[in-house]
Structures are given as C-alpha cells and as structure tokens.
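Here is a friendly walk through a two-chain model, written for someone who would like to look at the residues while reading. Keep the viewer open and follow along.

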Amino acid sequence: MRPILALLVLALLTSACDTTRPSDHVSEPVVEAYLIVGEAFAPVRLTRTDDLDGVYDAEALGIVGASVRVVELAIDGSPARTIDYRASGVTRGLYLPVSDERVRAAVRYRLEADLPDGSRLSAETVVPGELDLIEPERFETVYQSTDQFEIRVGPSTYPGRQEIYVLSLQPLDPDPANLTPFYLDALYGIGPDETWDPASLDVTKLEDILLASSPPINAASFERLPDQSIRIRLPWFSVAFFGPVRVQVNAIDDNINDFFRYQNAQLGGSTLSPGELPNIVDTVDGGRGVFGSMARQTVELTILRP
Amino acid sequence: MSRTAAILFLALVITGSASARQSASVSGFVRDAETRETLILANVLVQGTSSGAATNTSGYYVIDGLSAGTYRILASYLGYRSAVFDVTVAAGEARRLDIELEPEGLTTGEVVVEADRESVEERQRLGVARLTTAAIRQLPTVLEPDVFRSLQLLPGVKAASDFSSGLYVRGGSPDQTLILLDRTTVYNPSHLFGFFSTFNPDAIKDVRLFKGGFPAEYGGRIGSVVDVYNKDGNRRETRGRLSVGLLSSRAFLEGPYSRGSWMVAVRRSTLEPLFAGLRSADVEGIPNAFYFYDVNAKVNIDLGRGDKVSFSGYAGQDMLDASFLEGLDIGLTYGNRTFSADWTHLFSERLFSELTVTASRYASDADFSIARTEVGRNNSVYDLTMKGDLEYVHGEGHTVKGGFWVGMFTMRLANVFDARENFASRIHAPYGSAFVQQSWKASERWNLGGGLRLSWFGEGNHVRLEPRASAEYVTRQGVRLQAAYGRYAQYLTLISSEVFSGLDTWLTTGRGVEPAYGDQFVVGVKSFLPGSIGFEWEAYYRTMRDLFQLDPFLQDPAGVDYDRLFHFGYGRAYGTELTLTRSFGRATGFVGYTLGATRRRFDAINEGAYYPPKYDRLHDLTAVVNYDLSSKWRMTTAFTYATGQAYTEPASQYRLVDFPFTAEEQPALVSPFNAARLPDYHRLDIGFTNRGRFFGFADYELQLQVINAYARRNVWFYFFDFDPDEAAGLVKRETVPQIPVPVPNIAFSLSF
C-alpha cells in the first residue's frame with residue numbers, strides 16, 4: 001500500500017507542475033497581396049514569421065529570390081492567364097507585376113510563389129463581383145447634423161454568401177486642429193471648453209485614425225432598396241476629422257473577411273475568454289498571410305464644422 | 001444505452017412493486033422549532049432498523065413498511081439538535097408525526113454526535129453538496145456574502161476569476177448549470193456584471209448543488225443543478241435583520257399571520273455617497289449613476305393539514321449610467337424577475353403532490369451613444385412554466401416520483417446600429433418534459449434508483465430520452481459505495497463573457513441546431529473517519545456532445561442563417577474529488593481537493609484538436625476552517641490553491657504591412673492554443689465574527705474580514721500590446737491581475 005501511496009503522491013506533485021512549456025518559434029513564410037477589381041495587379045509581399053522577442057522588421061524578414069506569379073483560373077480550374085512578378089529591387093520581399101493587366105471581377109486567382117528553399121506557397125481568392133457607385137460622387141455635410149452622409153451602391157456579389165462590406169475613412173487633411181470633439185478628447189484628453197495649442201500635440205497619436213475602417217458588415221445590415229441597391233449611412237463616430245475625407249466602400253472576399261474575423265478574436269473582441277488566442281484560419285498553403293481581393297468604390301466628402 | 005436503461009428502470013419498478021405490502025407508516029413535516037420553517041433533506045430514522053427517510057423539498061417525509069409495534073424515531077438535521085420520539089403503530093396504520101428540531105447555538109458542545117453523524121450521512125448523496133445560509137454568511141467574502149462564491153469553494157466547482165461568480169462545475173461552463181429559485185429558472189443570476197450572484201443570503205433557506213449524476217426530476221442542462229429555496233418565513237413571531245456592508249445594505253423581515261407566514265428581504269447597493277465623494281474630488285471615470293437591488297418575498301397560506309399554497313417572487317436589477325470622453329454615453333440595465341405559485345397537497349400519507357406555476361423574465365438593455373451614433377443591444381427572455389410532481393411511497397423504502405414540466409420560452413434579441421435595427425431575432429418555443437423516477441431500498445445494504453426523462457423543445461422539434469440510474473451499497477462498517485449514470489440534454493446556450501455578464505444572451509436549438517447532450521458516470525465512496533470526520537471521494541467522467549455556441553468569429557449576424565450563427569463541438573471532463581468534513585466541535589470546516597481535466601474540440605480552434613479551456617485546472621485545493629475562539633468570537637479562514645489556468649502564449653508573429661484598411665501594420669499571432677499555464681493560483685481569506693447583544697434589544701453580528709490576506713498577485717490573464725510606447729513592432733506582454741492587494745471588508749448586522 002505504501003509504495004502505491006508514494007507513487008500517487010509523486011504523481012500529484014509532479015503533475016502539479018503542469019505548466020505546459022510555451023512552444024518555440026518556427027519560421028514560416030508569409031504572403032500578403034490584395035487584388036482590387038479593375039485595378040492593376042497588386043504587389044505581392046513575401047516575408048517570414050518572427051519570434052516575439054524583438055522588434056518586427058518586415059523588410060529585414062523579406063524573402064528574396066522567390067519566383068512569384070498569379071494565375072487566373074477558368075471555371076473548370078484550368079489556368080486562363082498568368083501574371084508574372086519580379087522583385088521590386090528596392091524593398092526586400094516585395095514583388096511587382098511585370099504587366100499592367102487589370103483584375104477582373106468574379107473570377108478565381110491563384111497566387112504561386114516558389115521560395116528559395118525549394119518550398120512552394122500558394123493561395124487562392126475568389127474576387128467579388130463589380131461594385132457600382134450610384135450616388136453621390138461628392139458631398140458636403142455638417143458634422144452631427146440630421147443630414148447624415150449616405151452613399152448608394154449597386155450590390156456586389158459573392159458565391160455562396162451575401163456580400164460583406166468594409167467601410168474606410170481616410171482624412172485628407174489630418175491635422176490635430178481638425179479633430180472632431182470625440183477624438184480630441186479620446187486622443188489628447190482635451191474637452192470642448194478647453195483652450196489648446198495644436199502645435200503642442202503629439203501627431204504620432206493620429207496614426208491609428210489616418211485610415212480607419214469598420215469591421216466586416218453584412219449586406220443585410222444595410223438598407224436594401226427596391227432596385228437591390230444598398231444605402232450606406234456614414235455613422236458619426238467614424239468621423240475623426242473635419243474637412244475633406246475619402247470614403248471607401250469595399251466588398252471583400254473570404255480571405256480578407258477571415259483575417260478580420262480571426263484577428264478580432266486575437267485582439268480580444270470575441271466571446272472567447274481573455275488570454276485565449278486562436279490562430280488565424282489557414283487560407284495559405286505552405287505559409288501564412290492573406291491573398292485577398294475586393295471590389296471598391298471611393299467618394300470624397302467634406303465634413304463641415306457645426 | 002437508452003434502451004438498456006429503460007429496461008433497467010422497468011425492472012426496478014416491477015421488483016419494487018412486488019415488495020409492496022400492507023404495512024404501517026409514519027409521515028409528517030420536519031420543521032425548525034424556533035421558526036417552524038420546514039427543513040429540506042432532514043433525516044428521519046427508525047432506530048434499530050434500516051428504515052428511514054429524508055424530507056423532500058417541502059419538508060415532508062414518509063417511512064413506510066413498518067410492522068405493528070413501538071418504534072423509536074430519530075430526527076436529525078445538520079445545525080439542529082436531534083430529537084427522539086417513541087411511536088406505536090398498529091398494522092396498516094398511517095401515523096402522522098410532525099417534528100420540530102431545535103437549532104443549535106454558536107457553540108456546539110451539547111451535540112449528540114451519533115445523531116449528527118446520521119444527519120451528515122444524508123448530505124453524503126452522490127454528487128450533492130449542500131450549503132447553509134449560516135455558512136454562507138460566515139465565509140470571508142469580497143464586499144458581500146454570496147451564495148455562488150461560497151459554492152465556488154466546493155470540490156469540483158471552479159471560478160473563472162476573483163471577479164466572477166460564475167459556476168464552472170466538473171468541467172462544464174456556467175450555462176450547463178440549471179439554476180432554480182423556488183423551482184423557477186433564473187437566467188442571469190448575477191449582480192455587478194458578474195461579480196457576485198443575485199441570491200440574498202438573508203432570504204435563502206436552502207442551497208443544494210447537484211454536481212452531476214442528478215436524478216430524472218431535473219433536466220434542461222447537461223452539467224449540474226443549483227436548487228435554491230427561499231425561506232418560508234417565521235411562523236411563531238415577527239423577526240427582522242438589518243445589515244450594513246461596504247457595498248450594500250440589507251433588510252429582512254419575516255413573521256406569522258393567521259393563515260401562515262411571510263418573508264421579505266431587500267438588498268440595495270449603497271455606493272452613491274462614495275461616488276459623490278469621488279466626483280467632488282474630480283476623480284475621472286465615476287459613473288453618473290450605478291446601483292443594484294433585489295427583493296425576495298414569499299407568502300405561505302396553510303389551507304388545511306395537507307394543503308399549502310405559497311407565492312414567491314424575486315426582482316433584481318442592475319443599472320449603470322456613465323459618460324466618458326466627449327460624447328460617449330453608456331446606459332445599461334439588466335435584471336431578473338421571477339414568480340412562482342406553489343401548491344402542495346397530501347392526497348394521503350403516502351401520496352404527496354406539488355403543482356407549481358412559474359414565470360421568469362430576464363432582460364438586458366444596453367445603449368451606447370458614441371459621438372451621436374446610437375448603438376444598442378436589447379435582449380429579453382420570458383419563460384412561463386407549469387410543473388407538477390407526484391411522489392408516492394409504495395412500500396418499505398420504495399418511493400416513486402413522476403412529474404411533468406411544460407413551458408413557453410420566448411427570447412428576443414435586437415441589435416441597433418446608428419439608430420437602425422440591423423439584427424432582430426425572436427424565438428417563441430413551447431417545450432415540455434415528463435419524468436418518472438424511483439428509489440428503492442432493495443435490501444439492508446443496497447439502495448437502487450432509476451429514472452427516465454423525456455424532453456421536447458419546440459424550436460427545431462427536438463425530442464430526447466434521458467435515462468438515469470444509481471446504486472448504493474452500504475458495507476457493514478457503514479461505508480457507502482455509490483455509482484450513478486445519467487444522460488442529459490440541453491436546448492439552450494449562453495452568449496456570455498468571462499469579463500462582463502451584463503450582456504448575457506440566451507439562444508436555443510433550432511432548425512439545423514441539434515441539442516447538446518452528454519453522459520455522466522460518477523462513482524463515490526462515503527464514510528466517516530475517527531472524530532466524526534466525513535470522508536467523501538468521488539470520481540466522474542462526462543461527455544459533452546453537439547455543443548453549440550455562438551461562433552466566436554462571427555462579426556455580424558445580420559442576414560446569417562440561424563445554424564450559421566453557431567459553431568459546434570465536443571467536450572469531455574473527468575476528475576476525482578476528495579472531501580474531508582468536520583461539522584462538530586470548536587473547529588469545523590472542510591478540506592476539498594480536485595484532480596480534474598476538461599477539454600473541448602471545435603473545428604475552427606486549435607486546428608480541430610482537443611484543447612483545455614481557460615477554466616481547466618488540474619489541481620484544486622480548498623480548505624475552509626471555522627474556529628470558535630470564544631463564545632462570542634469565531635474565526636473563519638478559506639485557503640485556495642489551484643493550478644494556473646490555460647492560456648495562449650504566442651510563439652510567432654507576422655504583420656500585414658500593406659493591409660489596405662488601416663494605416664498601421666496589422667499584427668497576427670501564431671500560437672499553440674491554450675498550451676501554456678498561468679502561474680499557480682492561491683489565496684487566503686480570513687474573517688472574524690463577533691456576536692452579542694446590542695443594547696438589550698437585538699442580537700448583533702460584526703464581521704471583520706480580509707480577502708487575499710498575504711497580497712498574492714494572481715494573474716487573471718495576459719494581454720499582448722502590439723503597439724507599446726517603447727517601440728513600434730514590439731510585442732509587449734501585459735499582466736492583468738486578479739484581486740492584487742488585501743481587501744478589507746466590514747459588515748454589521750442586527751437581528752431582532
């Protein structure tokens with residue numbers, strides 16, 4: 001009996017140290033490219049994953065000497081055309097298309113990269129259908145007035161699911177003096193009645209809002225009009241600056257949507273418990289990253305002070 | 001498996017019927033002698049025989065199968081002096097014996113040890129733990145005595161953190177525990193956004209936790225059951241209690257009237273003066289308003305010797321109104337309302353019935369205004385039910401119980417964005433279940449139980465059969481060897497956050513969403529060690545199949561088919577629990593140890609492989625000791641040690657440099673999911689209670705407590721900052737602690 005008891009105690013004591021050792025970093029290739037309908041083929045960036053001990057430097061991690069191409073696939077999956085890439089020659093790991101061919105809507109593309117170590121990385125994207133801008137092309141509106149800015153787009157399409165959109169705002173005059181009250185308080189703690197000197201403010205704090213985007217939004221979240229077009233209202237909280245802003249409506253593919261979804265969970269924005277960090281779903285064979293596509297419309301808008 | 005269990009159940013019923021014969025019986029209610037409050041699970045034994053019974057949830061017992069003769073009846077209940085009665089019965093006589101037991105005082109020197117051993121045995125049911133409100137009030141606690149935080153100290157029950165009152169029982173998540181208050185389901189039993197539970201200990205008579213292997217009369221969850229009963233109210237005299245604490249104050253009043261008794265308990269937070277002081281000191285982040293309250297009330301009407309009607313209600317609400325920044329306003333209210341009307345009727349001494357109508361409402365309403373963009377989420381649950389039970393004592397040691405539970409479950413959920421409703425869902429589902437179960441004392445050594453539950457849920461039209469079985473063998477030395485099996489089905493799932501429970505939302509099965517179900521296997525050994533130390537050992541294995549949870553990667557539910565809102569998975573949990581309990585003497589308390597593991601598997605997480613959820617802990621040790629320093633002073637300590645929780649330690653990172661939707665690089669982590677462990681958790685809480693007379697008109701109780709006495713800085717979770725001030729491109733791990741410093745608590749109560 002005593003040896004059994006001793007073994008049991010030993011087992012308990014040793015298992016009490018059940019702190020699974022954090023796993024070691026294994027370097028993997030990473031790809032990044034975003035095709036936009038109607039535009040030239042996007043640059044492809046090849047890098048590698050890094051450990052968390054130091055500062056992440058994308059250029060230092062760039063993969064040089066890779067052979068990169070994007071293949072347009074026919075409905076039966078056979079290659080329909082190939083867009084070859086070359087190293088940019090300026091930025092490590094950046095590859096540029098050799099031609100100025102344009103991305104077509106609603107087709108499948110496969111990215112292939114033969115890496116210097118002999119491995120191959122590949123990923124596919126299904127490009128969303130065309131996105132038509134119906135109205136308006138330019139607009140002015142007074143901040144927080146009842147006259148909210150609206151944009152109407154002819155719906156894009158995507159096989160097997162409803163369209164998913166991401167709205168982006170890019171201020172064209174991103175000066176601290178132009179900050180709306182909410183963001184002035186959020187970034188600098190300055191209330192509406194306080195006097196302040198714009199020149200004294202740390203402009204690096206503006207980096208987060210120089211291009212700000214919504215999370216993916218399903219088409220069903222927007223008002224669908226009888227002609228099947230979609231009316232999108234710009235929420236006031238997304239407006240960080242007075243003055244001219246660029247508004248983009250992006251219909252995104254599954255790969256970009258997946259990155260948004262899983263990264264949001266990694267950053268704590270899901271129902272998972274804090275500290276539970278799931279990996280981003282694997283959409284790249286032989287590596288990680290995003291090979292995505294979208295259809296996009298852009299309008300410019302001026303936000304007037306009340 | 002189901003077919004086998006059904007055959008077993010039928011066999012038990014048939015053999016039980018064969019054993020029935022004409023015999024004498026003794027039956028009645030067991031009550032508190034001071035208040036005449038009925039006592040649940042009190043033990044009534046016929047000395048010198050193996051005959052005996054425990055009172056049911058109405059305090060009623062029946063001992064059948066007695067031959068003509070004179071018997072010595074022993075009644076006992078933990079915390080009460082045992083009582084002995086000599087009863088003579090004639091052949092076929094149904095003798096009514098209502099019993100009243102005297103409660104013990106603070107000191108326990110005159111206890112009849114043998115009798116109390118027997119009362120403890122009643123607690124030694126497989127998978128069942130019971131808490132008295134006195135114990136709940138004695139335990140050191142953060143700001144407020146709390147039922148669920150007390151339950152968290154029991155073996156097999158874990159807490160997510162110091163800030164959460166959620167119950168993680170035997171590897172299950174909180175939504176796998178059915179929570180009943182006077183037979184009414186409570187859907188979000190929390191105050192202060194999960195910090196502690198809604199149950200006011202002043203109003204509670206009895207709390208039982210069925211950790212697993214629970215009988216067929218309970219259903220609807222695949223894990224466990226917390227069965228809470230409000231006090232009936234004092235039937236002898238009007239009594240009251242006032243308590244003042246740091247967080248809230250409580251008032252309790254109970255008394256008799258011509259037809260029965262009544263009780264009302266009120267609790268409300270008293271933080272307004274603190275907030276006002278902080279605001280006047282220009283402390284930022286103080287809410288404009290925050291409060292919570294709850295009210296428990298119950299009225300009992302005695303209609304006759306065998307009829308009693310009671311009406312019980314609960315109402316509680318939390319409200320927060322806060323403004324931050326220029327144009328960020330938050331309004332949040334959530335709360336529960338429950339009502340039950342209960343009629344108990346004795347058809348005869350052997351046939352007991354209970355009919356209950358219940359209503360439960362949970363609603364949360366969150367409204368945010370961000371720079372005049374209105375965002376909201378409104379959720380409500382309405383659950384109207386009727387339950388009926390019949391309990392028949394069929395012969396010596398043979399009890400059959402059957403019942404039904406029908407209801408209508410209505411859930412509404414609406415999301416509002418920019419003042420426009422962009423998601424709305426309404427589920428209006430009838431449901432029902434019926435059960436039959438029996439317990440049978442097959443011989444002097446064997447106790448057998450079996451049951452069958454048939455459940456149906458209208459949304460999706462799902463039907464499930466849930467067999468249950470149990471067996472107990474008592475050795476000559478009094479050691480109880482126990483085993484139980486049960487299958488359980490669950491039609492609901494909870495969207496919740498470990499951090500914040502104010503937005504808890506329930507969803508149900510539906511088209512394409514099958515009910516979750518699981519099997520539980522439990523074995524146990526119960527005995528007494530020298531010195532009246534109760535010994536309990538249990539081991540369990542349970543499965544969780546067809547788990548359905550809100551897809552954690554769902555960004556926008558608008559326009560998504562119902563079955564696509566969820567991700568589906570599996571789980572399993574296994575472990576062993578050891579408990580040593582001492583209930584008598586100057587030093588009382590318990591030591592509990594759990595060696596356990598729980599795993600989950602969902603396709604989109606951990607590449608579809610099993611992983612430990614955050615609340616998985618291999619070791620869990622709790623020691624609670626009460627020591628009477630003198631007739632007026634008592635010291636209570638609670639120590640907890642647990643293996644660190646699972647978390648994800650990133651191994652690699654990459655960044656999307658050209659991401660077209662942001663100006664900054666977008667970080668991504670590559671990590672083995674939940675493969676690392678936080679540092680081990682341990683904490684010591686100490687409390688002192690002083691009791692005495694207060695200027696001759698009331699009894700007072702002063703509590704001085706310190707939580708986390710030696711300032712252990714337990715880790716709640718790690719947060720990874722991808723953009724620290726130190727350098728762009730660096731990832732910095734920040735520690736978010738649990739309660740990091742000793743927290744004092746003082747409370748003062750007057751009972752009159």
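## A leucine at the chain boundary

A:Leu52 sits in the loop of chain A that runs between strand E2 (44-48) and strand E3 (67-73). Before going further, please keep in mind that this is a predicted model. Is A:Leu52 buried or exposed? Its relative accessibility is 15%, and because the cut-off for buried is under 20%, A:Leu52 counts as buried.

What does A:Leu52 touch, once residues up to four places away in sequence are set aside? The partners are B:Pro650, B:Ala651, B:Ser652, B:Gln653, B:Leu669 and B:Val731.

## The interface of chain A and chain B

Now let us step back to the whole interface. On the chain A side, 84 residues are in contact with 78 residues of chain B. The size of an interface is often given as the accessible area lost when the parts come together. For chain A and chain B the buried area is about 6800 Å², and carbon and sulfur atoms give 58% of it. In chain A, the residues that lose the most area to chain B are A:Leu52, A:Tyr56 and A:Pro274, together 10% of what that side buries.

Polar groups take part as well. Between the two chains there are 32 residue pairs in polar contact, counting pairs with both residues at pLDDT 80 or more. How many salt bridges does the rule find across this interface? There are two, and one of the salt bridges to look up is formed by the side chains of A:Arg45 and B:Asp658, at 2.9 Å from N to O. Helix H3 (residues 254-266) of chain A supplies nine residues, the largest share of the side of chain A that touches chain B. Sorted by class, that side of chain A holds 43 nonpolar, 24 polar and 17 charged residues.

## A buried serine in chain A

A:Ser229 belongs to the loop between strand E14 (223-224) and strand E15 (230-233) of chain A. With a relative accessibility of 1%, A:Ser229 counts as buried, since the cut-off is under 20%.

Which side chain does A:Ser229 join in a polar contact of 2.9 Å? The partner is the side chain of A:Arg152. Leaving out neighbours within four places in sequence, the residues in contact with A:Ser229 include A:Arg152, A:Val153, A:Gly154 and A:Pro155, along with A:Ile134, A:Glu223 and A:Arg224.

## Hairpins in chain B

Strand E18 (residues 239-244) and strand E19 (residues 248-257) run antiparallel and are joined by six bridges. B:Gly240 faces B:Leu253 of E19(B), and three residues link E18(B) to E19(B) in a hairpin. E19(B) also runs antiparallel to strand E20 (residues 260-269), with ten bridges between them. There, B:Ser249 has B:Arg268 in E20(B) as its bridge partner, and the hairpin of E19(B) and E20(B) has two residues between the strands.

Further along, strand E34 (residues 533-550) and strand E35 (residues 566-582) of chain B pair in the antiparallel sense over 16 bridges. One of the paired positions is B:Leu550, whose bridge partner in E35(B) is B:Phe566. E35(B) pairs with strand E36 (residues 587-602) as well, antiparallel and over 14 bridges, and B:Thr579 stands opposite B:Gly592 in E36(B). Four residues lie between the strands of the E35(B) and E36(B) hairpin, where B:Gly585 takes a positive phi near 105°.

Most residues other than glycine have a negative phi. Which value does phi of B:Asp418 take? It is near 55°, positive in a residue other than glycine. B:Asp418 lies in the loop between strand E26 (398-417) and strand E27 (420-441) of chain B, and B:Asp418 counts as buried because its relative accessibility is 6%.

B:Asn461, which is not a glycine, also has a positive phi, of about 55°. This residue lies in the loop between strand E28 (446-457) and strand E29 (462-474) of chain B. Here the relative accessible area is 54%, so B:Asn461 is exposed, the cut-off for exposed being over 50%.

Key:
Residues numbered from 1 in each chain as written. Chains lettered and ligands numbered in written order. Predicted model: local features only at pLDDT ≥ 70, side-chain atom pairs only at ≥ 80, totals over all residues. Heavy atoms only, no water. Contact = heavy atoms within 4.5 Å. Buried area = accessible area lost by both parts, 1.4 Å probe. Salt bridge = Lys/Arg side-chain N within 4 Å of Asp/Glu carboxyl O. Polar contact = N/O pair within 3.5 Å; in protein donor to acceptor, adjacent residues only side chain to side chain. Nonpolar A, V, L, I, M, F, W, Y, C, P; charged D, E, K, R; others polar. Buried < 20%, exposed > 50% of the residue type's maximum accessible area, 1.4 Å probe, protein only. Pairing = 2+ DSSP bridges.
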